[in-house]
Amino acid sequence: MTHRTRPPSRICPACDGFASAAITLGGRDHRGHLRTITAHCPACHGTARTTRAREAARA
């Protein structure tokens, strides 16, 4: 009996799967921790995947 396989997930072409990045703001807070912000890919909104509806709209 064969197992059904799911189709491969679609990786976002804008970020190549690296959808979020932590960026340091330079300096540390009063506890000594680095101050960082998280930046998300504007194309996939931090999911690292494209949706089929978005791909169909591009074609």
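The structure holds 0 disulfides, a disulfide being a pair of cysteine sulfur atoms within 2.5 Å. Cys15 takes part in no disulfide, and its nearest cysteine sulfur, in Cys12, is 3.8 Å away. This is a predicted model, in which local features need pLDDT of at least 70, side-chain atom pairs count only at pLDDT 80 or more, and totals for chains, interfaces and linings use all residues. Residues are numbered from 1 along each chain as its sequence is written, and side-chain values use heavy atoms, with hydrogens and water left out.

**Cysteines**
- Cys15 is buried at a relative accessible area of 14% (buried is under 20%, exposed over 50%, partly exposed in between, with a 1.4 Å probe and protein chains only).
- Cys41 is also buried, with 10% relative accessibility.
- The closest cysteine sulfur to that of Cys41 belongs to Cys44, at 3.8 Å, which is too far for a bond.

**Strand pairing**
- Strand 1 (residues 20–28) pairs with strand 2 in the antiparallel sense over 6 bridges; pairing requires that DSSP finds at least two bridges between the strands.
- The two strands form a hairpin with 5 residues between them, and Gly32 in the turn has a positive phi of about 95 degrees.
- Arg28 stands opposite Leu34 of strand 2.

**Thr47**
- Thr47 lies in the loop between strand 2 (34–40) and helix 1 (52–58); helices (H or I, at least four residues) and strands (E, at least two) are DSSP runs numbered from the N terminus.
- Thr47 is partly exposed, at 48% relative accessible area.
- A polar atom of the Thr47 side chain is 2.9 Å from the backbone oxygen of Cys44.
- Thr47 and Gly17 are 30 residues apart in sequence, with a C-alpha to C-alpha distance of 8.2 Å.

How values were computed: Polar contact = N/O pair within 3.5 Å; in protein donor to acceptor, adjacent residues only side chain to side chain.
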